[in-house]
Amino acid sequence: MKQMTITPAAAPDPRKENPAMEQAFIQARGADVFYGDKQALFGIDLDIEEKRVTSLIGPSGCGKSTFLRAINRMNDLIPICRFDGSLTIDGQEVYDPAVDVVALRAQVGMVFQKPNPFPKSIFENVAYGLKIHGMTPSKSEMADRVEWSLKSAGLWDEVADRLDQPGNSLSGGQQQRLCIARTVAVAPKVILMDEPCSALDPIATAKVEDLIDSLREHYTIVIVTHSMQQAARISQRTAFFHLGKLIEVGNTKDIFTNPREEQTQNYITGRIG
Amino acid sequence: MINFTQDAGFGLRGRNKSEKRFQWAGRGAIAISLAFLVIMFFSIISTGLGALQQSQIAVTVDLSAEEVDPENVGDTSFNSLLKKSLRNAFPEVESRKDKKRLYGLVSTEAAFEIERQITQDPSLLGGPQTLWVTASDDADLYISGQVDTDLPEKQRRVSDAEIALLDKLMASGAARETFNKGFFTSGDSREPEIAGILSALMGSFLTLLVCFVLSFPLGIGAAIYLEEFAPKNRMSDLIEVNINNLAAVPSIVFGLLGLAIFLGYLGLPRSTPLVGGMVLALMTLPTIIIASRAALRSVPPSFKEAALALGATPVQAVFHHVVPVAMPGMLTGAIVGMAQALGETAPLLMIGMVAFIVDVPTSVLEPATALPVQIFLWADAPERAFTEKTAAAIIVLLTFLILMNLIAILLRRKLETRF
Amino acid sequence: MPDGTLIITRSDRPRWRDNIIIGIMAAAAGVAILVTLGIVLSLVFETIIFFEKVSITNFLFGLEWSPQTAIRADQVGAEGSFGVIPLINGTLLISAIAMAVATPLGLTSAIYLSEYASKRARDWVKPALEILAGIPTVVYGFFAALTVAPFIRMTGGQFGLEVASESALAAGMVMGIMIVPLISSLSDDVINAVPQSLRDASLGMGATHSETIRKVVMPAALPGIAGSLLLATSRAIGETMIVLMAAGLAAKMSLNPLDAVTTITVQIVALLTGDQEFDSAKTLSAFALGLLLFILTLIMNVIALRIVKKYREQYD
């Protein structure tokens with residue numbers, strides 16, 4: 001264990017809150033990530049609880065996005081990127097050679113920084129995942145599922161009458177909620193969000209934040225954010241990264257009111273970042 | 001329990017298979033294209049190498065004063081002399097038909113070759129001499145082993161009687177294969193065994209010279225203007241669109257332009273490298289302009305700004321500090337353009353550079369042909385031996401193209417390492 | 001001027017010299033316009049004279065092309081029939097074969113190179129494909145006539161098919177290979193211009209790489225790819241040497257790839273090589289064909305370049 005890292009034992013132990021659970025839902029142990037010769041993450045030990053919102057915060061370049069993308073192996077797309085250590089979801093090792101990244105990503109969805117709807121209709125955007133995974137046999141089932149997803153994303157009322165219009169004809173905030181609808185359509189267990197509101201105006205941000213809060217009931221959500229206020233508003237747990245290391249993790253309220261580490265204190269008071 | 005393996009559902013096994021198929025389709029497509037390239041190169045090179053070898057036949061000619069007047073060599077009929085020595089070599093040949101066949105073993109140029117050898121070395125005169133002369137195209141096919149004797153006689157160009165004669169020559173060491181120097185040192189001919197590419201090469205060189213002299217200054221002038229000085233208005237937009245479209249106009253249309261304007265309206269001499277070069281210059285202009293503009297754009301603007309800040313006029317700044325840096329890039333573009341022009345055939349056909357040219361042209365105003373046109377002409381010729389010549393000419397053409405492209409690549413490398 | 005006043009109004013350097021230099025360079029740029037003008041004027045001028053001898057409707061809609069034979073010896077100006085339809089038929093047949101070969105090969109190569117190939121493989125394969133584009137067309141023509149056409153004839157013969165020795169298939173196939181690098185390099189640019197964020201979105205949902213390419217990247221790249229295919233088609237229509245050496249001379253209305261057909265470009269060369277009087281309908285018809293070819297390819301190029309430009313702006 002690295003000295004600066006708050007070990008899971010020192011943080012509020014999930015096992016105490018939920019004695020039946022032997023292992024955290026998502027659990028990283030000694031996770032290192034390298035880009036070529038450069039190490040981006042140093043021995044991350046982090047537990048993420050099921051059906052909670054966990055924020056990853058820290059100054060830019062601290063490795064929070066790298067960690068997020070390590071969870072569904074999006075880093076595999078970068079040829080020089082390498083992962084060491086262990087990362088499990090529900091007890092399954094993500095970096096096991098037997099793992100099929102397609103199966104992994106079908107169950108661990110992702111929402112990106114900039115809204116990126118496909119250049120297809122709104123309906124087709126949401127139906128995309130259902131179609132590629134062969135999840136809905138009949139047309140009416142498909143329509144029901146799309147409607148349900150758009151309702152889950154709080155977008156249904158705004159787009160119900162124009163499902164055949166292109167996804168990028170929507171406003172930025174609507175596009176991002178469309179991307180979330182697209183993700184929840186395939187019923188993932190985990191949703192990863194990489195600064196989902198950074199390209200949105202405050203009103204659109206508020207809507208997406210409300211949505212995230214309502215999704216917590218069904219999904220485990222990990223969100224990277226550069227906004228401490230946002231982390232405070234929407235997440236139950238917060239992890240603070242700095243220079244590729246996990247400095248502190250705990251209940252969001254504790255992190256912001258009573259951080260144990262000086263670096264965390266400096267960050268949330270604006271002295272570093 | 002979550003399952004992340006291939007067995008997790010989602011139809012993964014089938015999808016992974018189709019992923020593999022998709023990748024193999026890509027590899028297959030590339031392999032097909034490259035295989036075609038290899039087959040084409042192999043077929044042309046293996047056909048053309050034969051033309052670099054030439055068969056010769058040794059004849060013993062009586063050059064005593066009786067036959068050849070040393071004072072007046074030109075008066076001798078070397079043709080009958082040659083026939084006589086052939087008859088002497090094969091006394092068994094008697095019928096008229098067989099004699100004709102015997103004479104056909106050597107090239108129709110063989111008599112001139114004997115004369116030429118005597119002019120070059122008068123000491124040969126005075127007695128019988130054994131001289132090597134070029135074999136005819138059919139004899140060459142047999143000597144170089146390209147005749148399939150298993151075929152029935154009617155299906156091959158060399159008859160059994162000829163084969164008997166040639167076998168005797170080969171057995172006595174009177175037939176040999178040598179490097180075909182004549183291919184590079186003589187002009188076109190109706191006789192495949194002595195046809196060479198020098199006239200076509202020279203024609204191509206003169207044409208490219210005219211093309212370069214016209215298109216390079218025009219091209220870089222236009223590029224510098226458009227990139228550095230042209231106001232952004234409808235006129236410069238029009239020129240821009242124009243250049244892009246010109247680059248895609250079929251080459252034969254440029255030939256029609258040359259025919260109607262350079263030959264018809266301006267009355268310039270037909271079939272000449274001058275007109276050919278002018279037509280090719282118009283064709284390569286877009287290539288040079290587009291490449292030169294890219295080269296100019298890659299020069300950091302700070303170079304020009306620094307000069308301007310020191311009080312240079314825009315023209316000075318551009319010519320002293322931007323153009324020299326962009327020069328290798330512009331030259332690269334010009335070489336690529338010239339390589340294109342070297343391979344161009346269709347427009348030259350339009351302005352009459354398809355003439356049968358034996359003499360090597362020495363000026364841009366003499367009728368000439370060009371290497372690719374020569375290839376086209378030979379490819380059309382019925383004699384089997386011209387096929388070999390065609391392939392050999394293609395090898396020469398490709399060699400020049402490869403050299404030009406290599407120079408362009410080296411120049412580009414030099415440019416890239418500069419910043 | 002250590003103690004003089006600072007003069008920033010006019011230098012005494014002559015301005016006119018700079019202006020002359022700029023003027024000369026502007027004139028060089030103007031040559032590009034002159035060339036287009038020259039093409040259009042020379043073609044239009046000769047074509048007008050041609051249409052005085054042969055009616056424009058006969059030319060555009062006539063079903064027979066035989067410029068040598070007279071219909072009636074006494075008829076003035078009627079040296080033969082000048083119906084262009086069989087030539088268009090032949091041109092389109094060969095171009096269609098070429099595109100049928102080049103499109104799948106070029107597109108799949110481009111997809112593999114831009115989406116799957118390692119940088120090392122790309123650095124080798126791309127220049128190797130470019131070689132195909134740098135080979136003079138006369139070389140392809142020779143190869144088509146010498147090797148490919150007899151091969152197709154022989155293969156066809158084994159299946160009991162009647163194959164013309166100058167079949168459209170031979171010329172079209174070889175032309176297709178020639179066009180592969182054009183399609184693959186243009187499509188490569190287009191595919192690379194599709195934003196990575198779209199790929200991420202699809203992969204992030206658990207689509208396989210090929211599903212992402214087929215269902216997201218290709219639809220997004222479709223306009224650009226259509227543009228590049230259009231440019232390639234225009235190139236095939238204007239190609240001369242391959243068809244001159246490997247396709248036929250006789251105009252025939254046929255859609256059978258095993259038949260010998262002739263093309264616009266072949267006829268232009270056939271009409272203008274050798275000695276000819278400049279004012280005969282036969283000679284002039286070559287310019288009418290040239291104008292037709294120019295207009296046809298120009299329209300395709302303009303549309304293609306516009307599509308590609310618009311497509312680039314969409315993702316810039």
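# Guided tour: chains A, B and C

Helix H10 of chain B, H10(B), crosses helix H1 of chain C, H1(C), in a left-handed sense. Left-handed means the near helix is turned anticlockwise from the far one by less than a right angle; clockwise is right-handed. Helices here are DSSP runs (H or I, at least four residues), numbered from the N terminus.

This is a predicted model: local features need pLDDT of at least 70, side-chain atom pairs count only at pLDDT 80 or more, and totals for chains, interfaces and linings use all residues. Residues are numbered from 1 along each chain as its sequence is written, and chains are lettered from A and ligands numbered from 1 in the order written.

**Stop 1: H10(B) on H1(C)**

Select residues 251-265 of chain B and 16-53 of chain C. The two axes come within 9 Å and cross at roughly 70°. Axes are lines fitted to C-alpha atoms, for helices over the stretch in contact; angles run from 0 to 180 degrees between N-to-C directions. H10(B) is therefore roughly perpendicular to H1(C) (65 to 115 degrees; under 35 is roughly parallel, over 145 roughly antiparallel, the rest oblique).

Now show the contact residues. On H10(B) they are B:Val253, B:Leu256, B:Leu257, B:Ala260 and B:Ile261. On H1(C), pick C:Gly38, C:Ile39, C:Ser42, C:Leu43 and C:Glu46. Contact means C-beta atoms, placed from the backbone, within 7 Å. Colour this set by class: seven are nonpolar, two polar and one charged. (Nonpolar: Ala, Val, Leu, Ile, Met, Phe, Trp, Tyr, Cys, Pro; charged: Asp, Glu, Lys, Arg; polar: the others, Gly among them.)

**Stop 2: along H1(C)**

Stay on H1(C) and centre on C:Ala32. The helix bends there by about 25°, the angle between axes fitted to the seven residues ending there and the seven starting there. Then check the ends. The 38 residues of H1(C) should span 56 Å at 1.5 Å a residue, and the end C-alpha atoms lie 53 Å apart, which agrees. (Expected span: 1.5 Å times one less than the number of residues.)

**Stop 3: chain B against chain C**

Zoom out. 64 residues of chain B contact 66 residues of chain C. Helix H1 of chain B (residues 12-48) supplies the largest share of chain B's side, 18 residues. That side has 44 nonpolar, 17 polar and three charged residues.

Next, select H1(B) with helix H4 of chain C (residues 119-134). Their axes lie 10 Å apart, at an angle of about 50°, which makes H1(B) oblique to H4(C). This crossing is left-handed. B:Ile30, B:Ser33, B:Leu34 and B:Leu37 meet C:Val125, C:Ala128, C:Leu129, C:Ile131 and C:Leu132.

**Stop 4: inside chain B**

Select H8(B), residues 198-229, and H11(B), residues 273-297. Their axes come within 6 Å and cross at roughly 35°. The crossing of H8(B) and H11(B) is right-handed. Their contact has 21 nonpolar, eight polar and four charged residues.

**Stop 5: chain A against chain B**

Finish here. 15 residues of chain A touch 10 residues of chain B. Helix H3 of chain A (residues 101-107) gives the most to chain A's side, with five residues. By class, that side has eight nonpolar, four polar and three charged residues.

Definitions and conventions
Two residues are in contact if their C-beta atoms, placed from the backbone, lie within 7 Å. Helices (H or I, at least four residues) and strands (E, at least two) are DSSP runs, numbered from the N terminus.
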